[in-house]
Amino acid sequence: MNEKVMIRSTRDSNLLKAIIDYMETEKIEYVVDSSLDEYKKDYKIVIYMIEEDENLTIEEWKGLSVIVISNKKKIIATKSTINYLITNLITDQTNYTDVQKEYLFKKGIYHIFLEKLGELLENENNYNGMIYDLTELKTIPNNWIFHFDSINDTYSWLSKKNAMLPSDFTRKVVNFYDDKVYDDSLREINYLTEKLMEIKDGKRVIDIFICTKEELRLFKQNYFFKLLVKNISSTYQFYLVDKEKLMVEDKELMEKLMDGIAIYNDCVYRDTYDDEFSLGYVDCNSSTIEAYNQYFDYVLDHYGMEIKVESDLNEF
């Protein structure tokens, strides 16, 4: 759309941030202010966020297209084009983690809200008096788990997430061998190239490879696996775990780790190679992060064989 948008809001909020993010993503010119009088001659569209006990009169706003956002239905008499979005999000002040925000903006209630907002901004059907009531939608999802739409989407998310991690954070990764991943495809090459660059730049990573002797032989034929071993350092640690031993002694734990895990500061990514559409999913629950940190540390302490130089692989 080419029209400029006025956003009226008297305070900062998660919803205002979501709207601003949408405007910037869609490259829509906008202004945010608590009073919009000085912008009326230049802007034709208004997003008006109403405070809970506020009364709104817009009789003088002739010629403007107005989208009213409130947590209760408030029908306003006006000659302007006016449509309504009713949502509890207008009072949402929850302090979300980065990955929870991503979930809500791309998959959850905020995503639904922004879809409806975009529809009303375009208003291709010339709505006037349309009311979208989203108050019955759950603000917080039940499980904080989100899946990816494709394998490429999975790789893209992992790449972005790894790049955003704080320099002092240690990423803990559990790896299993699978032809679906270690296939020398372009996306695997790009992903592993980025990982090698992160390691060379001093990003903190601990890799555990859970495998059999035969799978280790296959790993050793992989170009990037060999480069990982060559880049072991004080910030990059590398461990092998005997898959057959772990299966016998801690089968339930191994099943929790398959097909691979990456533990981040605000979520856990889990590989699921039996999914033909993507490689895995993300769990944002704090209890999951705590549990998987414990699983990882337990496996490392009880089964991990640290590899410090390439020749150590021969001792596995």
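Which helix does Y22 lie in? Y22 lies in helix α1, which covers residues 14–25. The views below come from a predicted model.

View 1. Y22 counts as buried, because its relative accessibility is 18% and the cut-off for buried is under 20%. Leaving aside residues up to four places away in sequence, Y22 touches I28, L114, G118 and L121. L114, G118 and L121 fall within the range of α3, residues 109–122. D259 is elsewhere in the chain: 237 residues separate D259 from Y22 in sequence. In space, the two C-alpha atoms are 35 Å apart.

**View 2. Helix α1 from end to end.** The helix has 12 residues. From its first C-alpha to its last, α1 reaches 16 Å. That is close to the 16 Å expected at 1.5 Å a residue. After α1 comes K27. The phi of K27 is positive, near 55 degrees.

**View 3. The buried residues of α1 and what covers them.** Which residues of α1 are buried? They are N14, L15, L16, A18, I19, Y22 and M23. Their cover includes four strands: β1 (5–8), β2 (30–33), β3 (45–49) and β4 (65–70). Helices α2 and α3 are also part of the cover.

**View 4. The largest pocket and its lining.** This pocket has a volume of about 430 Å³. Its lining is made of 16 residues. Closest to the pocket centre are D21, E102, F105, K106 and K160. Which helix gives the most to the lining? Helix α2 does, with 5 residues. At least two lining residues come from each of α1, α2 (98–106), α3 (109–122) and α4 (151–164). By class, the lining holds 7 nonpolar, 2 polar and 7 charged residues.

**View 5. The whole chain, for context.** The protein chain has 10 helices and 14 strands. Its radius of gyration is 25 Å, well over the 20 Å that the globule rule gives for 316 residues, so the chain is more spread out than a compact globule. Along the principal axes, the C-alpha trace spans about 80 × 35 × 35 Å. Of the 316 residues, 50% count as buried. Take the contacts between residues at least 6 apart in sequence: 69% of them join residues at least 24 apart.

Technical notes: Residues are numbered from 1 along each chain as its sequence is written. This is a predicted model: local features need pLDDT of at least 70, side-chain atom pairs count only at pLDDT 80 or more; totals for chains, interfaces and linings use all residues. Side-chain values use heavy atoms; hydrogens and water are left out. Buried means under 20% relative accessible area, exposed over 50%, partly exposed in between (1.4 Å probe, protein chains only). Contact means heavy atoms within 4.5 Å. On a 1 Å grid over the protein atoms alone, a cavity is a set of points where a 1.4 Å probe fits but cannot get out, and a pocket is an open set with protein on both sides within 12 Å along at least five of seven lines; lining residues have an atom within 4 Å of a point. Grid points are joined across faces, edges and corners, and a volume is the space filled by probe spheres set on the points. Ala, Val, Leu, Ile, Met, Phe, Trp, Tyr, Cys and Pro count as nonpolar, Asp, Glu, Lys and Arg as charged, and the others, Gly among them, as polar. The expected span of a helix is 1.5 Å times one less than its number of residues. The radius of gyration is taken over C-alpha atoms; the globule rule is 2.2 Å times the number of residues to the power 0.38.
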